[in-house]
Amino acid sequence: MKWLLNNWDQVAVALGEHIVISFTSLAIAFALSIVIGIWAARNERVFRWAIAVSGFLYTIPTLAFLALLIPIVGLGKANAIICMVAFSLMILIRNVATGIREVPAEVVDAARGMGMHPAEILAKVELPLALPVIVAGLRIATVTVISVAVVAAYVNAGGLGTLIFNGISNDFAPKIWVGALSSCALAVAADLSLAKVEGWLRHRAA
Amino acid sequence: MIEIRGLVKQFPGAAHPAVDHLTLMIPEGEVCVLIGPSGCGKTTTMRIINRMIEPDAGSVLVAGRDVTQVDAVDLRRGIGYVIQQVGLFPHWSIADNIATVPKLLGWNDARIAARVDELLALVGMEPAMFRSRFPRELSGGQKQRIGVARALAADPPVMLMDEPFGAIDPITRARLQDEFLRILRSLKKTIVFVTHDIDEAIKMGDRIAILRDGVLVQYATPMTILAGPADPFVESFVGTDRALKRLALIRADAALEPLGPVAPAHAIAAQASLRDALARMFETGADTLAVTGSNGEVLGLVTLAGIRANTRSDDATNHCQSPYCL
Amino acid sequence: MLLVEAWQFVAAHPERFFGALYTHVALSAAALGLAIAIAFPVGVLLADKRRLALAAITAANIGRTLPSLAVLALVMPVLGTGFVPALFALTLLALPPILINTCTAMQQVDADIVDAARGMGMTRVQIVREVELPVALPVIFAGIRTAAVQVVSGAVLAAYIGGGGLGDFITSGIAMMALPQLLVGAIPATLLALGTDRVFGYLQKVLTPAGMRAR
């Protein structure tokens, strides 16, 4: 652990990179999935098709996916981000669509009856009520993305994985410990905080 | 025959015992209804009989044997058990569901198959059509029929039924009550029936045990309770229309009066109840009705005064001695 | 074309390829088997012990969030490199979904069914064997399916700690920037994962009791 104390700047940089690529991918995936998710909530065929395609993408092994992207986009952060977005799409689309579909029909009916536009209903009624389910999906997506980012260090995307790979190739255990444990800590911290948010949202909606 | 002596059960943290020194005796072949408001201990009592709940004190004897001296699992295989939600096993066919206890007892396949068909016919469901189906394909009423068939499978002498028709719509419920009353009486089983519905209790029970906060308040035949409620609680529990409820238990030809010189304009069937007769009188404006037998012959009269006399009686015993009483 | 070159690579080094494939499958199957052997009985036994079950599920949930590569890497300083350390790490990764699904599935079996079974005179063992397990099986198997895909995917990463498998081609392909080799690892690994998901999905349908299949 003295290695950590002596080199915490290295770790901080890696951590920073890790968070940046994770966050970027999640933001992209989230934006895409809100749009596709809303569409899928309204349209049964789109729903099934979206689930099928993104489910297919989710099953591809992380390293294989990154590798398959190399001939197309080479190495680097872009590669990692594309992979992470692809993985998160399934969960997020599924949860956005399901969350909206599960809003009780009578609530939507009441909103319509009171004279709200479809856009207003979406913004003020459906999305807020679907929020707990959406956040649940975001939670899983976040953990997935953090996990992918660890591997993505191998395709030069930076992040905490660089510490691990460095440690393995130089047979230097402290780096492995720090890299592995910090990525675990990051994942767990993200999961627990989103779990709190999810719990709070459910409690509020209940 | 079931004997309950000084039964006590208190759940931890409860203000008063769920069952408070309960003593009662259920003669063989009778239907005993346990009824009372929520929390009166009726379901707890029933579940102590087959040791789904263990008593704190007192004893329960089924056919002379103390239930706590018998292995609980063996005991339950000899007692039919029907619950409100039925609890059919979704992964088994109807036939397999009914065959549960016979299989546990090791009957051979041929005997089981024959028994399954026999019971399906008994509860009014065509064996060929239903034996291979699955619970999710059945309606609520059908599920409960299978629930009863399943409980009868090993031909137990005792049946426990906990609000079996509670989850069923009122129209189907009335039909099921009639059918099961007919079936269970013909099989001469000793039945403990729990309900919170006083009308169901009056209809189904040979004897009714009214419980409140774990204490037995009155234990008697329906007619006795309706004619002479033991205290104000029972009185309000059976309802302010208990006089009419009593009339529903007496047949028209039990209150027969001799024919007069003038034949009445309207008639009522002999097997109809005095309550129906009263309703007919209000409908038609008459105070006298002719009572007709099965071939249309006039057996006698019922009069409004006569009906009133029947309700006026304060005799606490079952004053309807005639075998015609329902 | 890249694909053609990849194919030629396999044709030129069949023992290497099939050796790696075999290791990959063996590693995955062994890890899954071990995980089922541990997590399934534990899940069944803990199902009716509420506090222990809650603790176990909470721990498993945390385990599920840990990045796969991190778990594999953590094993290395302790157990070294090779097949066995990789097997150990992959088994750990497969435990959470199986444990969580088994435990919650057993707990969620309709209480009325269990009450009816008990009231009719089934022993505890009979209730678990004849009623609870069959009814819970679809959800339990969904957990096994998740674990299976996770293990097959994780086995790709086992290359990093000397576990062998198809990941070797990917890592050497990247190191040497030899794209055909990369594909020799990536495409079969992808197909293997997809195939596993399909096969287990089919098994899940087959194992769902007839009375409970969606119409």
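This is a predicted model: local features need pLDDT of at least 70, side-chain atom pairs count only at pLDDT 80 or more; totals for chains, interfaces and linings use all residues.
Two residues are in contact here if their C-beta atoms, placed from the backbone, lie within 7 Å.

**View 1. Where chain B meets chain C.** On the chain B side, 20 residues are in contact with 17 residues of chain C. Three elements of chain B give two or more residues each to this side: the helices α2 (72–77) and α4 (100–105), and the strand β6 (79–83). Sorted by class, the side of chain B that touches chain C has 11 nonpolar residues, along with six polar and three charged ones.

View 2. Look for B:Gln84 in the loop between β6 and α3 (94–98) of chain B. Setting aside neighbours within four places in sequence, the contacts of B:Gln84 are B:Asp162, B:Glu163, B:Pro164, B:Gly166 and B:Ala167. For a sense of scale, the C-alpha atoms of B:Gln84 and B:Ile2 are separated by 22 Å, and the two residues are 82 apart along the chain.

**View 3. The helices of chain A.** Chain A has nine helices and zero strands, so from the N terminus on its elements read α-α-α-α-α-α-α-α-α. Taken along the principal axes, the C-alpha atoms of chain A fill a box of roughly 65 × 40 × 20 Å. Of the 206 residues in chain A, 47% are buried. Among contacts in chain A with a separation of 6 or more, 73% are between residues 24 or more positions apart.

Notes
Residues are numbered from 1 along each chain as its sequence is written. Chains are lettered from A and ligands numbered from 1 in the order in which they are written. Helices (H or I, at least four residues) and strands (E, at least two) are DSSP runs, numbered from the N terminus. Ala, Val, Leu, Ile, Met, Phe, Trp, Tyr, Cys and Pro count as nonpolar, Asp, Glu, Lys and Arg as charged, and the others, Gly among them, as polar. A residue is buried if 20 or more other C-beta atoms lie within 10 Å of its own, exposed if 12 or fewer, and partly exposed in between; C-beta atoms are placed from the backbone.
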